[in-house]
Amino acid sequence: MTFRNPSERGTIPFDLTRFGISELGAPLLFAPCREKCNLLCIAGIHGEEPETTFLLSRVLRHFAEPLNNIAFVLCANPDGAALGTRGNANSVDLNRNFPTANWSAQTTLSRATLESERITELSSGTKPKSESETCALIELINDLNPKEILSIHSPLNCVESKHKTPLAQFLTELSQSEHKTDIGYPTPGSLGTYLGENAIHCITWELPRLAPEILHIKFAEPLADYMSKV
Ligand SMILES: [Zn+2]
């Protein structure tokens, strides 16, 4: 796998595939791989974490062609990204809308900054999978059937996964952050809980609290390098 020249990294050089449509009608896109999908990387499920999309896009733009075994969803919540909101256009936190045993209709609380109180109310949806983005992502995961999913968030600066797989180990060292086997608070209806119940290993990478360009400087090249070799 050869890297493109930095001058060529302004665009994604291969076609993205539509796997669904958002509540507001935006296309849900993914970058497929050429062979069996071993790893699916997902960014932007929370619309107010746009640095996750930026970083994953910058990683993807290193490559001239699709990777053999790694697929990418650069923005799982395009309406939230467009609106600048954590939830989607219906104020649903998509990461609480997955059909898990512990899904709850309870309001989920978030905060504007790490120092703020958790007082911003979001919905978990009227039922599990009430949102088109959740349904589409589940269908994509079923179709690709990856062994492992990397779900990128910010800004808690940790790596959480049940097993310390090579990728989890790599990300822990790369971001010099703590590896946790449990995030430490209940996440009913989350993607990670859903994947755990469906025997797909999930790594949640909470990026450190850094500006997008610093995240790019620290992580884009090493991550692209790692991905080009697995
Ligand atoms: Zn998040």
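Terms and the values behind them

Author: Thr 108 has a relative accessibility of 12% and therefore counts as buried. The model is a predicted one.

Reader: Why is Thr 108 called buried?

Author: Buried means under 20% relative accessible area. Thr 108 stands at 12%, so the term applies. Thr 108 belongs to strand 5, residues 108-110. Leaving aside residues up to four places away in sequence, Thr 108 touches Asp 93, Arg 96, Thr 120, Glu 121, Leu 122, Ser 123 and Ser 124.

Reader: Why is Ser 91 called partly exposed?

Author: Partly exposed covers the range between the buried limit of 20% and the exposed limit of 50%. Ser 91 has 39% relative accessibility, so it counts as partly exposed. Ser 91 sits in the loop between helix 2 (78-83) and strand 5. Its phi is near 60 degrees, a positive value in a residue other than glycine.

Reader: What makes Asn 145 partly exposed?

Author: Asn 145 is at 48% relative accessibility, and therefore counts as partly exposed; exposed would need over 50%. The loop between helix 3 (132-144) and strand 7 holds Asn 145. Asn 145 has a positive phi, near 50 degrees, and is a residue other than glycine.

Reader: What makes the peptide bond between Ser 154 and Pro 155 cis?

Author: Omega of the bond joining Ser 154 and Pro 155 is about 0 degrees. Pro 155 is in the loop between strand 7 and strand 8 (158-161).

Reader: Why is the site of the zinc ion called irregular?

Author: Four donors count as tetrahedral if all angles lie between 85 and 135 degrees. The angles among the four donor atoms here run from 56 to 148 degrees, and the site is irregular.

Reader: Which atoms are the protein donors of the zinc ion, and how do you know that they count?

Author: The donors are ND1 of His 46, two OE atoms of Glu 49 and ND1 of His 153, at 2.0 to 2.4 Å from the zinc ion. The cut-off for a donor is 2.8 Å. Along the chain the donors have the spacing H-x2-E-x103-H. His 46 and Glu 49 are both buried.

Reader: How do you know that the chain is as compact as a globular protein of its length?

Author: The chain has six helices and ten strands. Its radius of gyration is 16 Å, close to the 17 Å from the globule rule for 230 residues, so the chain is as compact as a globular protein of that length. Of the 230 residues, 51% count as buried. Among contacts with a separation of 6 or more, 74% are between residues 24 or more positions apart.

Reader: What covers the buried residues of helix 1?

Author: The cover includes strand 3 (39-42), strand 4 (70-73), strand 7 (148-153), strand 10 (201-206) and helix 6 (212-229). The buried residues of helix 1 (residues 50-60) include Leu 55, Leu 56, Val 59 and Leu 60.

Reader: Which residues touch the most other members of the largest nonpolar core?

Author: They are Cys 41, Phe 72, Leu 150, Leu 167, Leu 171, Trp 205 and Met 227, in a core of 32 residues. Helix 6 supplies the largest share of this core, seven residues. A second, separate core has 25 residues, including Leu 28, Phe 30, Leu 140 and Tyr 194.

How values were computed. Residues numbered from 1 in each chain as written. Predicted model: local features only at pLDDT ≥ 70, side-chain atom pairs only at ≥ 80, totals over all residues. Heavy atoms only, no water. Donors = N, O, S within 2.8 Å, 3.2 Å for Na, K, Ca; no water. Tetrahedral: all angles 85-135°; square planar, octahedral: opposite > 155°, others 65-115°. Buried < 20%, exposed > 50% of the residue type's maximum accessible area, 1.4 Å probe, protein only. Helix = DSSP H or I, 4+ residues; strand = E, 2+ residues; numbered from the N terminus. Rg over C-alpha atoms; globule rule 2.2 N^0.38 Å. Contact = heavy atoms within 4.5 Å. Core = buried A, V, L, I, M, F, W, Y, C linked by side-chain atoms within 4.5 Å.
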